[in-house]
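Dear colleague,

I am handing over the structure below, and I would be glad if you kept it open while you read the notes that follow it.

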Amino acid sequence: MNIFFRELRSNLKSLLIWSGILILFNFVGFSKFSAFYENPQLLTVLDSMPPALISSLNMNAFNLTTVTGFFGIMIIYFNLILSISAAMWGSDIISKEERDRTVEFSLTLPVTRGRLVTAKIAAVVVNCIVLLLVTWGSTVIFAQKYQPDSEFYRFVSITMLTVLLLQMIFMALGVFLGCAMKKHKQSGSIAVSILLVSYFISIITGLSKDLDFLKYFTPFKYFEPAVLLRESKLEPTFVGLSLVLIAVSIAGAYLAYSKRDLYS
Amino acid sequence: MNIIETDHLTKYYGKARGIIDVSLNVEEGEIFGFIGPNGAGKSTTIRLFLSLIYPTKGDARIFGKDCIKFGPEIRQEIGYLPSEVFYYEGMKVLDLLEYSASFYKKDCSKRLFELADLMELDLKRRIDDLSYGNKKKVGIVQGLLHQPKLIILDEPTSGLDPLMQQKFFNLIREEHDRGATVFFSSHILGEVQRLCNRVAIIKEGSIIDIQDIKTLQKNNYKKIQITADGMDETRFNIDGVSNIEKMDGMISFFYKGDINTITRLISSEKIADLTVEDLTLEEIFMHYYE
């Protein structure tokens with residue numbers, strides 16, 4: 001538990017900064033929304049925009065003049081911000097020990113490498129959940145002004161669940177890269193690069209029906225906000241796929257870390 | 001009983017040589033010196049003991065247990081002081097030491113404060129604000145607070161002022177009297193000679209000699225420099241003298257043998273100045289082991 005609490009403390013500043021960014025982002029978003037709210041003119045503007053752009057921003061499925069529809073658009077950004085933070089935290093919490101040359105302290109104490117990794121993953125998971133709750137809470141608070149209905153709350157809850165899965169997938173990827181890569185300095189940027197590439201794949205997937213198979217390769221396509229709104233349930237195939245990705249990355253991380261030479 | 005045993009311990013970093021076929025054993029209660037120039041493989045050997053890295057070939061056992069399989073268990077009883085200490089920044093010294101203490105099964109708080117007091121360490125300061133020497137002091141307290149059975153020191157005196165070095169050596173002697181075994185790696189021959197019972201000499205990754213410190217001292221060369229006007233350097237050409245050189249009225253040579261013989265010879269002359277020094281490690285490598 002001592003490692004876990006120390007990591008939480010040392011990550012607190014970063015958590016506060018990310019929370020601040022999200023609250024600010026949500027605040028600005030809702031301020032803009034106040035112009036769209038129950039404004040029929042907006043719909044005519046949207047009709048004149050190119051369909052590819054509309055679809056890549058998820059705008060075809062949602063009525064932007066309602067608070068539920070507006071949240072449907074915001075999901076893309078929440079997905080990106082929360083998964084990027086998770087990937088960076090995941091890789092950093094492992095690789096910083098080599099970067100700061102503290103391995104000669106932390107791993108010469110009587111601990112197994114496995115115990116160290118477990119405590120660090122636990123700390124990152126807590127950070128991810130707190131950031132998710134900040135997102136959730138600020139969304140609900142900012143939405144109050146627009147009298148959200150029960151559909152809104154249901155939609156937000158199920159969406160947050162999918163964001164959590166996305167966070168865990170990229171956190172696990174980050175941890176794996178931090179544990180496995182000899183060039184530990186690059187693990188963070190590679191984790192974020194993989195994330196961005198998979199995000200772009202998710203945009204391409206939406207452009208044509210022929211590219212539909214690509215959705216298996218990008219976690220950003222596992223759960224479509226439009227489907228979530230319509231059906232209010234998670235596709236079991238993709239929940240399963242997410243869990244497999246997480247499990248494989250974490251298992252790989254333990255395996256790679258226990259076999260690696262650690263020195264700075 | 002052997003505290004440390006290694007058997008053909010070999011480590012390559014990819015193709016780069018770490019250490020090759022290092023076989024040595026350190027007995028209980030010994031202060032064992034490990035000397036060699038930078039890059040000879042001293043730190044590699046120590047990292048293998050601590051299972052930070054894994055051997056390419058051979059194995060190492062501490063307290064009779066394999067270093068890799070029983071790593072965490074063994075490290076309960078090891079105190080390690082690295083040549084350069086790196087700690088989590090943003091922590092206070094006391095927080096860091098208590099964090100470190102929390103990993104050991106025994107209560108370390110009394111010893112922690114004793115040691116901090118002895119090393120004149122300010123526990124309230126932040127790690128990031130400390131100078132190199134003060135960080136080293138934190139390292140000493142951190143390495144010794146759990147009263148380990150085996151103390152591993154990697155060039156421990158760098159960064160410490162002479163007064164602190166003295167205190168540190170006294171501390172190590174006390175720990176030794178308490179029953180601790182010490183593995184002392186250094187490139188400074190003088191401090192190894194002062195403290196150790198036995199010494200292993202490592203060069204380019206291989207052990208070239210393991211000797212009793214008394215034997216080493218008896219066999220040891222002295223470097224003697226004499227300043228005198230118009231003296232004939234051939235006068236010193238006796239048994240045990242080598243490498244005689246004469247430059248600007250200064251005669252220098254290496255001497256190995258009974259020190260009284262040479263001092264008598266020197267005192268029979270009228271000289272202006274005299275220096276007697278131990279050979280540096282490099283000079284030993286160049287002349288003693290050729």
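How many residues of chain A are in contact with residues of chain B, and how many of chain B with chain A? Please bear in mind throughout that this is a predicted model. In this model, 18 residues of chain A are in contact with 19 residues of chain B. On the side of chain A that touches chain B, the elements that give two or more residues are helix H1 (2–36) and helix H5 (103–106) of chain A. If you sort the residues on that side of chain A by class, you will find eight nonpolar, five polar and five charged ones.

Within chain A, a helix pair deserves a careful look. Helix H7 (residues 150–180) of chain A packs with helix H10 (residues 236–259) of chain A at an angle of about 20°, and their axes are 8 Å apart. Because angles under 35 degrees count as roughly parallel, H7(A) is roughly parallel to H10(A). The crossing of H7(A) and H10(A) is left-handed. Among the residues that meet there are A:Leu165, A:Ile169 and A:Phe176 in H7(A), and A:Leu245, A:Ile250 and A:Tyr257 in H10(A). The residues of the contact of H7(A) with H10(A) comprise 15 nonpolar and three polar ones, with no charged residue.

Turning to chain B, the domain assignment gives domain 1 (1–77 + 148–164 + 180–219) and domain 2 (220–288). The centres of domain 1 of chain B and domain 2 of chain B, taken over C-alpha atoms, are separated by 34 Å.

Chain B also has an open sheet of four strands, which follow the order S2-S1-S4-S5 with antiparallel pairing. Strand S2 (16–27) and strand S5 (65–66) of chain B are the edge strands, and each of them pairs on one side only. Strand S1 (residues 2–13) of chain B pairs with S2(B) in the antiparallel sense over eight bridges, and B:Ile4 has B:Val26 in S2(B) as its bridge partner. S1(B) and S2(B) form a hairpin with two residues between them, and in the turn B:Gly14 has a positive phi of about 65°.

Terms used. Residues numbered from 1 in each chain as written. Chains lettered and ligands numbered in written order. Predicted model: local features only at pLDDT ≥ 70, side-chain atom pairs only at ≥ 80, totals over all residues. Domains from an automatic or database assignment. Pairing = 2+ DSSP bridges. Contact = placed C-beta atoms within 7 Å. Nonpolar A, V, L, I, M, F, W, Y, C, P; charged D, E, K, R; others polar. Axes fitted to C-alpha atoms, helices over the stretch in contact; angles between N-to-C directions. Parallel < 35°, antiparallel > 145°, perpendicular 65-115°, else oblique. Left-handed = near helix turned anticlockwise from the far one by under 90°.
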